[in-house]
Amino acid sequence: VLSTGRIVFSRGGLLNMSVTSAAHCIVALFIASSATIVLSAGIQSVTCGSVLKLINPHYNVRLHSHDVKYGSGSAQQSVTGVTQADDINSYWVLKGAFSKQCPRGVPVKCGFTVRLQHLSTHLFLHSHHFASPLSSNQEVSCFGDAAGGSDSGDNWVVECSSEYWRRDESVRLKHVDTGMYLQASPQTYGRPINGQREICAAGSKSPQNLWKTMEGVYMEPSKTL
(Lines give C-alpha, C1' and ligand atoms only; values in the text may rest on other atoms or scores of the structure.)
Protein backbone atom coordinates (compact mmCIF):
# COMPACT_ATOMS: atom_id res chain seq x y z
CA VAL A 1 0.00 0.00 0.00
CA LEU A 2 1.39 3.42 -0.91
CA SER A 3 1.94 5.96 1.84
CA THR A 4 -0.80 8.35 0.68
CA GLY A 5 -2.85 6.31 -1.71
CA ARG A 6 -3.26 3.00 -3.45
CA ILE A 7 -3.75 1.79 -6.99
CA VAL A 8 -6.97 -0.16 -7.38
CA PHE A 9 -7.61 -2.43 -10.34
CA SER A 10 -11.09 -2.96 -11.72
CA ARG A 11 -10.02 -6.59 -12.10
CA GLY A 12 -9.33 -6.89 -8.38
CA GLY A 13 -5.58 -6.50 -7.89
CA LEU A 14 -3.46 -4.21 -5.73
CA LEU A 15 0.07 -3.23 -6.72
CA ASN A 16 2.73 -2.41 -4.12
CA MET A 17 5.17 -0.08 -5.92
CA SER A 18 5.67 3.56 -6.83
CA VAL A 19 3.04 5.28 -8.97
CA THR A 20 5.42 5.72 -11.90
CA SER A 21 6.65 2.11 -11.79
CA ALA A 22 3.11 0.84 -11.43
CA ALA A 23 1.97 2.94 -14.36
CA HIS A 24 4.70 1.57 -16.62
CA CYS A 25 3.75 -1.99 -15.64
CA ILE A 26 0.09 -1.34 -16.41
CA VAL A 27 1.00 0.25 -19.72
CA ALA A 28 3.04 -2.83 -20.62
CA LEU A 29 0.13 -5.12 -19.71
CA PHE A 30 -2.26 -2.95 -21.69
CA ILE A 31 -0.14 -3.16 -24.83
CA ALA A 32 0.53 -6.87 -24.43
CA SER A 33 -3.11 -7.78 -23.97
CA SER A 34 -4.55 -5.35 -26.56
CA ALA A 35 -7.45 -4.97 -24.13
CA THR A 36 -8.98 -1.89 -22.59
CA ILE A 37 -7.67 -1.78 -19.03
CA VAL A 38 -9.54 0.85 -17.06
CA LEU A 39 -8.58 0.75 -13.41
CA SER A 40 -10.79 1.10 -10.37
CA ALA A 41 -14.21 1.22 -11.94
CA GLY A 42 -15.57 2.13 -8.49
CA ILE A 43 -13.75 5.47 -8.48
CA GLN A 44 -16.01 7.82 -10.44
CA SER A 45 -14.02 11.02 -9.85
CA VAL A 46 -10.68 11.83 -11.42
CA THR A 47 -8.10 11.86 -8.61
CA CYS A 48 -4.70 13.42 -7.99
CA GLY A 49 -1.76 11.15 -8.78
CA SER A 50 -3.72 9.20 -11.38
CA VAL A 51 -2.10 8.21 -14.67
CA LEU A 52 -4.56 8.65 -17.51
CA LYS A 53 -5.29 9.31 -21.15
CA LEU A 54 -7.46 12.17 -22.39
CA ILE A 55 -9.53 11.89 -25.55
CA ASN A 56 -10.94 14.70 -27.65
CA PRO A 57 -14.33 13.23 -28.68
CA HIS A 58 -14.81 15.73 -31.52
CA TYR A 59 -11.82 14.33 -33.46
CA ASN A 60 -11.44 11.02 -31.58
CA VAL A 61 -7.78 11.65 -30.77
CA ARG A 62 -5.87 11.16 -27.53
CA LEU A 63 -3.59 13.84 -26.11
CA HIS A 64 -0.06 12.75 -26.95
CA SER A 65 3.57 13.80 -26.76
CA HIS A 66 6.99 12.38 -27.68
CA ASP A 67 10.62 13.44 -27.95
CA VAL A 68 10.05 15.44 -31.14
CA LYS A 69 10.63 19.20 -31.01
CA TYR A 70 8.67 21.87 -32.86
CA GLY A 71 10.58 23.25 -35.84
CA SER A 72 9.24 26.74 -35.16
CA GLY A 73 7.84 28.78 -32.27
CA SER A 74 9.26 27.72 -28.91
CA ALA A 75 11.15 24.69 -30.29
CA GLN A 76 9.94 22.81 -27.20
CA GLN A 77 8.66 19.23 -27.19
CA SER A 78 5.62 18.91 -29.43
CA VAL A 79 2.12 17.87 -28.30
CA THR A 80 -0.23 16.19 -30.78
CA GLY A 81 -3.40 14.12 -31.01
CA VAL A 82 -3.31 10.46 -32.10
CA THR A 83 -6.05 8.01 -32.97
CA GLN A 84 -4.20 4.93 -31.64
CA ALA A 85 -5.64 3.80 -28.32
CA ASP A 86 -2.60 1.77 -27.22
CA ASP A 87 0.23 4.30 -27.59
CA ILE A 88 2.33 4.53 -24.41
CA ASN A 89 3.14 8.17 -25.16
CA SER A 90 -0.45 9.22 -24.50
CA TYR A 91 -0.29 8.70 -20.71
CA TRP A 92 -0.24 11.71 -18.38
CA VAL A 93 0.22 11.97 -14.60
CA LEU A 94 -2.26 14.31 -12.90
CA LYS A 95 -0.56 16.66 -10.44
CA GLY A 96 -1.40 19.77 -8.45
CA ALA A 97 -0.69 23.32 -9.62
CA PHE A 98 2.87 24.63 -9.79
CA SER A 99 4.28 24.96 -6.23
CA LYS A 100 1.11 23.36 -4.83
CA GLN A 101 0.49 19.86 -3.48
CA CYS A 102 -2.36 17.57 -4.47
CA PRO A 103 -2.23 14.39 -2.35
CA ARG A 104 -2.69 11.10 -4.18
CA GLY A 105 -6.26 9.96 -4.38
CA VAL A 106 -7.87 13.34 -3.65
CA PRO A 107 -10.80 13.92 -6.06
CA VAL A 108 -10.27 16.92 -8.34
CA LYS A 109 -12.93 19.60 -7.90
CA CYS A 110 -14.29 21.56 -10.83
CA GLY A 111 -12.38 24.85 -10.89
CA PHE A 112 -9.25 23.22 -9.44
CA THR A 113 -5.86 24.00 -11.04
CA VAL A 114 -3.83 21.00 -12.17
CA ARG A 115 -0.76 20.09 -14.18
CA LEU A 116 -0.39 17.16 -16.56
CA GLN A 117 3.04 15.52 -16.58
CA HIS A 118 3.90 13.37 -19.59
CA LEU A 119 4.62 9.90 -18.25
CA SER A 120 7.39 8.96 -20.69
CA THR A 121 9.40 12.19 -20.86
CA HIS A 122 8.43 13.75 -17.47
CA LEU A 123 7.75 17.15 -19.08
CA PHE A 124 4.58 19.15 -18.34
CA LEU A 125 1.74 20.16 -20.65
CA HIS A 126 2.45 23.85 -21.26
CA SER A 127 1.33 26.87 -23.24
CA HIS A 128 2.59 30.40 -23.92
CA HIS A 129 2.37 33.24 -26.44
CA PHE A 130 3.79 31.45 -29.47
CA ALA A 131 1.73 30.68 -32.57
CA SER A 132 0.90 27.01 -33.17
CA PRO A 133 2.59 25.60 -36.29
CA LEU A 134 -0.46 24.78 -38.44
CA SER A 135 -3.49 26.80 -37.36
CA SER A 136 -1.66 29.82 -35.89
CA ASN A 137 -3.64 29.48 -32.67
CA GLN A 138 -1.65 29.41 -29.42
CA GLU A 139 1.09 26.79 -29.22
CA VAL A 140 0.82 23.93 -26.72
CA SER A 141 4.05 22.15 -25.86
CA CYS A 142 5.70 20.04 -23.18
CA PHE A 143 8.04 22.01 -20.93
CA GLY A 144 10.48 21.35 -18.11
CA ASP A 145 13.19 18.75 -17.62
CA ALA A 146 13.60 15.12 -16.64
CA ALA A 147 13.83 16.17 -13.00
CA GLY A 148 10.29 17.57 -13.16
CA GLY A 149 11.12 21.28 -13.56
CA SER A 150 7.95 23.34 -13.97
CA ASP A 151 6.48 26.86 -13.89
CA SER A 152 3.10 28.62 -13.91
CA GLY A 153 2.77 28.07 -17.67
CA ASP A 154 2.00 24.43 -16.84
CA ASN A 155 -1.16 25.31 -14.88
CA TRP A 156 -4.61 24.42 -16.26
CA VAL A 157 -8.01 25.00 -14.64
CA VAL A 158 -10.51 22.14 -14.91
CA GLU A 159 -13.87 23.49 -16.11
CA CYS A 160 -16.74 21.07 -15.59
CA SER A 161 -20.39 21.10 -14.57
CA SER A 162 -20.37 18.86 -11.48
CA GLU A 163 -18.80 19.41 -8.08
CA TYR A 164 -15.94 17.09 -9.04
CA TRP A 165 -14.25 16.09 -12.32
CA ARG A 166 -16.03 12.88 -13.19
CA ARG A 167 -14.48 10.21 -15.36
CA ASP A 168 -17.64 9.95 -17.48
CA GLU A 169 -18.03 13.66 -18.31
CA SER A 170 -16.37 15.97 -20.81
CA VAL A 171 -14.40 18.90 -19.39
CA ARG A 172 -12.39 21.86 -20.63
CA LEU A 173 -8.85 22.70 -19.58
CA LYS A 174 -8.24 26.46 -19.42
CA HIS A 175 -4.66 27.69 -19.41
CA VAL A 176 -4.18 29.89 -16.36
CA ASP A 177 -1.54 32.31 -17.69
CA THR A 178 -3.23 33.06 -21.03
CA GLY A 179 -6.91 32.15 -20.56
CA MET A 180 -6.89 29.87 -23.62
CA TYR A 181 -8.55 26.44 -23.90
CA LEU A 182 -6.70 23.24 -24.77
CA GLN A 183 -8.10 21.99 -28.06
CA ALA A 184 -7.54 19.76 -31.06
CA SER A 185 -7.13 21.40 -34.45
CA PRO A 186 -8.67 20.17 -37.73
CA GLN A 187 -5.17 20.18 -39.25
CA THR A 188 -2.69 17.29 -39.26
CA TYR A 189 1.09 17.11 -39.54
CA GLY A 190 3.29 15.60 -42.23
CA ARG A 191 6.64 13.95 -41.54
CA PRO A 192 8.10 13.02 -39.09
CA ILE A 193 4.74 12.75 -37.26
CA ASN A 194 2.59 12.11 -40.30
CA GLY A 195 -1.16 12.05 -39.64
CA GLN A 196 -0.98 13.28 -36.04
CA ARG A 197 -3.38 16.12 -35.28
CA GLU A 198 -2.27 19.53 -34.11
CA ILE A 199 -3.03 20.34 -30.46
CA CYS A 200 -3.23 24.05 -29.68
CA ALA A 201 -5.05 26.53 -27.44
CA ALA A 202 -7.86 28.92 -28.40
CA GLY A 203 -9.89 31.60 -26.69
CA SER A 204 -13.43 30.46 -27.52
CA LYS A 205 -15.33 27.47 -26.17
CA SER A 206 -16.20 24.88 -28.80
CA PRO A 207 -16.59 21.10 -29.22
CA GLN A 208 -12.93 21.05 -30.25
CA ASN A 209 -11.84 21.85 -26.68
CA LEU A 210 -13.83 19.20 -24.82
CA TRP A 211 -11.84 16.34 -23.25
CA LYS A 212 -12.75 13.12 -21.50
CA THR A 213 -10.68 10.63 -19.50
CA MET A 214 -10.07 7.19 -20.96
CA GLU A 215 -7.65 4.40 -20.02
CA GLY A 216 -5.74 4.93 -16.80
CA VAL A 217 -4.48 4.09 -13.36
CA TYR A 218 -6.78 5.91 -10.93
CA MET A 219 -5.60 6.52 -7.39
CA GLU A 220 -7.82 5.86 -4.40
CA PRO A 221 -7.14 7.30 -0.90
CA SER A 222 -5.64 4.95 1.66
CA LYS A 223 -8.12 3.25 3.94
CA THR A 224 -7.73 1.91 7.44
CA LEU A 225 -8.12 -1.87 7.16
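## Close-up views of a predicted model

A polar contact of 2.9 Å joins the side chains of Glu215 and Arg62, where a polar contact is a pair of N or O atoms within 3.5 Å, and where, within protein, one atom must be able to donate a hydrogen and the other to accept it, residues adjacent in sequence counting only if both atoms are side-chain atoms. The structure is a predicted model, in which local features need pLDDT of at least 70 and side-chain atom pairs count only at pLDDT 80 or more, while totals for chains, interfaces and linings use all residues. Residues are numbered from 1 along each chain as its sequence is written, and side-chain values use heavy atoms, with hydrogens and water left out.

**View 1. The chain as a whole.** The secondary structure of the chain comes to 1 helix and 14 strands; helices (H or I, at least four residues) and strands (E, at least two) are DSSP runs, numbered from the N terminus. Of the 225 residues in the chain, 49% are buried, a word that stands for under 20% relative accessible area, whereas exposed stands for over 50% and partly exposed for values in between (1.4 Å probe, protein chains only). Among the contacts in the chain with a separation of 6 or more, 65% are between residues 24 or more positions apart, and contact here means heavy atoms within 4.5 Å.

**View 2. The salt bridge of Arg62 and Glu215.** Arg62 forms a salt bridge with Glu215, and the closest N and O atoms of the two are 2.9 Å apart; a salt bridge is a side-chain nitrogen of Lys or Arg within 4 Å of a carboxyl oxygen of Asp or Glu. This pair links distant parts of the chain, with Arg62 in strand β3 (residues 61-69) and Glu215 in strand β13 (residues 212-217), 153 residues apart. Both Arg62 and Glu215 are buried, and Glu215 has a relative accessible area of 3%.

**View 3. Other salt bridges.** A search of the whole structure finds 4 salt bridges, and one of them brings together the side chains of Lys69 and Asp67, with a distance of 2.8 Å from N to O. Lys69 is partly exposed, with a relative accessible area of 48%, whereas Asp67 is exposed, with a relative accessible area of 59%. Another salt bridge is formed by Arg166 and Asp168, whose closest N and O atoms are 3.1 Å apart. Arg166 counts as partly exposed at 30% relative accessibility, and Asp168 counts as partly exposed at 45%.

**View 4. The disulfide of Cys48 and Cys102.** Cys48 and Cys102 form a disulfide in which the sulfur atoms are 1.5 Å apart, a disulfide being a pair of cysteine sulfur atoms within 2.5 Å. Cys48 lies in the loop between α1 (19-33) and β2 (51-56), and Cys102 in the loop between β5 (92-96) and β6 (113-118), so the pair ties together parts that are 54 residues apart in sequence. The link of Cys48 and Cys102 is right-handed, with 45° about the S-S bond. Cys48 is buried at 0% relative accessibility, and Cys102 is buried with a relative accessible area of 14%.

**View 5. The disulfide of Cys110 and Cys160.** A disulfide also joins Cys110 to Cys160, with a distance of 1.9 Å from S to S. Because Cys110 lies in the loop between β5 and β6 and Cys160 in the loop between β9 (156-159) and β10 (172-175), the pair ties together parts that are 50 residues apart in sequence. With -115° about the S-S bond, the link of Cys110 and Cys160 is left-handed.

**View 6. The surroundings of Pro107.** Pro107 lies in the loop between β5 and β6 and counts as partly exposed, at 35% relative accessibility. Leaving aside residues up to four places away in sequence, Pro107 touches Ser45, Val46, Thr47 and Tyr164. Pro107 and Glu163 are 56 residues apart in sequence, and their C-alpha atoms are 9.9 Å apart in space.

**View 7. Arg167 and the ring of Tyr218.** The charged end of Arg167 sits over the ring of Tyr218, 4.2 Å from the centre of that ring; a charge sits over a ring if NZ of Lys or CZ of Arg is within 6 Å of the ring centre and within 35 degrees of the ring normal.
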